[in-house]
Amino acid sequence: MSDPRVFDILVVGGGMVGSALALGLSCQGWGVGLVEGSNRKTLLEVPEQADSVDGFEPRVSAISVASQRLLETLGVWGTIVAGRHCPYQTMTVWDGDGTGRIQFEAAELQARALGTIIENRHIVRGLFSALADSDVELIDGVKVTGWWQGQDRRGIELEDGTMLGADLVVAADGAHSRLRQWVGLPTREWDYDQQAIVCTVKTSQSHRFTAWQRFSPTGPLAFLPLLTENGDEHFCSIVWSQDTEEARRLMALDDATFKGELERAIERELGAVESISRRFAFPLRQRHAKDYIAPGFALVGDAAHTIHPLAGQGANLGYGDVRAMLDELARARKLGLKASDELVLARYQRRRKGENLTMMAAMEGFKQLFARDELPLRWLRNTGMRWLNQLGPVKNRIAAEAMGLEV
């Protein structure tokens with residue numbers, strides 16, 4: 001093997017999580033390499049203006065206040081929100097088969113917003129704009145074809161034969177992480193037997209800067225508010241998680257019939273659905289790595305864990321990983337420790353594993369609770385939602401923890 005190019009830390013995967021981590025590590029003074037399969041020119045392209053449902057990207061994230069603070073610290077939040085984004089002040093959740101309803105308000109938490117809905121490409125573009133002015137060495141437009149382990153370093157091989165090495169390699173290469181598989185970190189996972197249908201819709205009524213979510217026995221439906229450049233409040237991104245058979249039926253419908261189904265499912269809270277973009281469906285699977293670390297190796301984001309989209313916490317859990325990794329590596333650098341120090345990596349895993357598992361268990365509990373149709377359970381969950389909605393301090397504490405707010 002020829003001598004590899006060597007970094008302190010090599011981040012593989014330049015999505016929302018990996019690019020944020022690489023940028024933060026560079027700010028700490030580490031020698032960082034970032035490997036991304038897409039071409040940087042494509043990632044830096046300015047998205048077209050949205051004057052119809054087809055102008056929005058179907059993939060959006062509900063960025064919490066805690067994640068916003070991380071992006072502010074990295075100096076990219078201003079660039080991101082210079083593009084399309086929609087802060088939401090209210091979240092309304094209800095049981096489609098009952099009378100239970102709960103509403104969270106930013107005003108009750110003395111906050112400007114509960115979070116911000118942003119198209120994923122705007123986040124990535126903001127991060128890559130900052131990376132262009134950083135000391136991160138970006139290796140883009142290439143595929144990773146192998147993993148190697150040496151005595152005191154490890155690394156990857158690219159499709160053109162280039163060898164890259166590092167003291168620490170961080171996999172941010174997504175739910176189907178090849179690096180995780182090559183290193184041999186097993187996962188616990190199961191299929192939800194559901195698919196998530198995503199698209200953009202335009203409604204006859206304003207979304208009122210509210211995130212809407214209706215639960216049904218076959219899965220939840222979320223309407224996430226979007227905002228055009230000229231301030232049009234009639235667009236939403238939908239995530240409709242349904243049992244696989246039902247999702248396939250919905251995907252097979254023509255647009256007019258699907259719009260009717262969507263209106264009924266959201267109980268016409270936003271009036272008529274006037275137009276919809278192309279629909280996409282993807283299978284839902286929960287996945288959690290039994291360990292996030294190995295000697296000189298760590299997982300972040302979807303490479304470590306994937307979660308049901310019903311609470312929109314996937315990106316925020318990934319940014320939680322980034323915060324913890326940055327904290328621990330800043331501490332290591334201050335103490336003169338190597339990035340791969342086993343105690344440093346163990347602290348990262350300890351901080352993140354419990355929090356991620358807790359959130360995943362909570363989401364699984366919600367899913368199972370609303371999937372059950374027995375009368376006593378239906379009564380219990382609807383009574384519980386009404387009761388919780390009246391308990392301001394308890395309800396606000398739940399919202400604060402989910403959104404990363406301080407109360």
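In this predicted model, 3 strands form an open sheet with the order β3-β7-β4. The pairing is antiparallel. Strands β3 (60-64) and β4 (86-88) lie at the edges. Each has a single partner strand, so one side of each is left without a neighbour in the sheet. On average, neighbouring strands of this sheet are turned by 30 degrees against each other, direction ignored.

The pairing of β3 with β7 can be described in more detail. Strand β7 covers residues 115-119. It runs antiparallel to β3, and 5 bridges join the two. Within this pair, Ser64 stands opposite Gly115 in β7.

Two helices pack on the sheet. Helix α3 (residues 65-73) touches β3 and β7. The direction of α3 makes about 90 degrees with that of β3. Helix α5 (residues 120-131) also packs on the sheet, touching β3 and β7. Its direction makes about 85 degrees with that of β7.

A further contact joins two helices. Helix α1 (residues 16-27) packs with helix α9 (residues 314-335) at an angle of about 20 degrees. Their axes are 10 Å apart. Angles under 35 degrees count as roughly parallel, so α1 is roughly parallel to α9. The crossing of α1 with α9 is right-handed.

From α1, the contact involves Met16, Val17, Ala20, Leu21, Gly24 and Leu25. These meet Ala315, Gly318, Tyr319, Val322, Met325, Leu326 and Leu329 in α9. The residues of this contact divide into 11 nonpolar and 2 polar, with no charged residue.

Note on methods. Residues are numbered from 1 along each chain as its sequence is written. This is a predicted model: local features need pLDDT of at least 70, side-chain atom pairs count only at pLDDT 80 or more; totals for chains, interfaces and linings use all residues. Side-chain values use heavy atoms; hydrogens and water are left out. Two strands pair if DSSP finds at least two bridges between them. Helices (H or I, at least four residues) and strands (E, at least two) are DSSP runs, numbered from the N terminus. Axes are lines fitted to C-alpha atoms, for helices over the stretch in contact, and angles run from 0 to 180 degrees between N-to-C directions. Contact means heavy atoms within 4.5 Å. Angles under 35 degrees count as roughly parallel, over 145 as roughly antiparallel, 65 to 115 as roughly perpendicular and the rest as oblique. A crossing is left-handed if the near helix is turned anticlockwise from the far one by less than a right angle, and right-handed if clockwise. Ala, Val, Leu, Ile, Met, Phe, Trp, Tyr, Cys and Pro count as nonpolar, Asp, Glu, Lys and Arg as charged, and the others, Gly among them, as polar.
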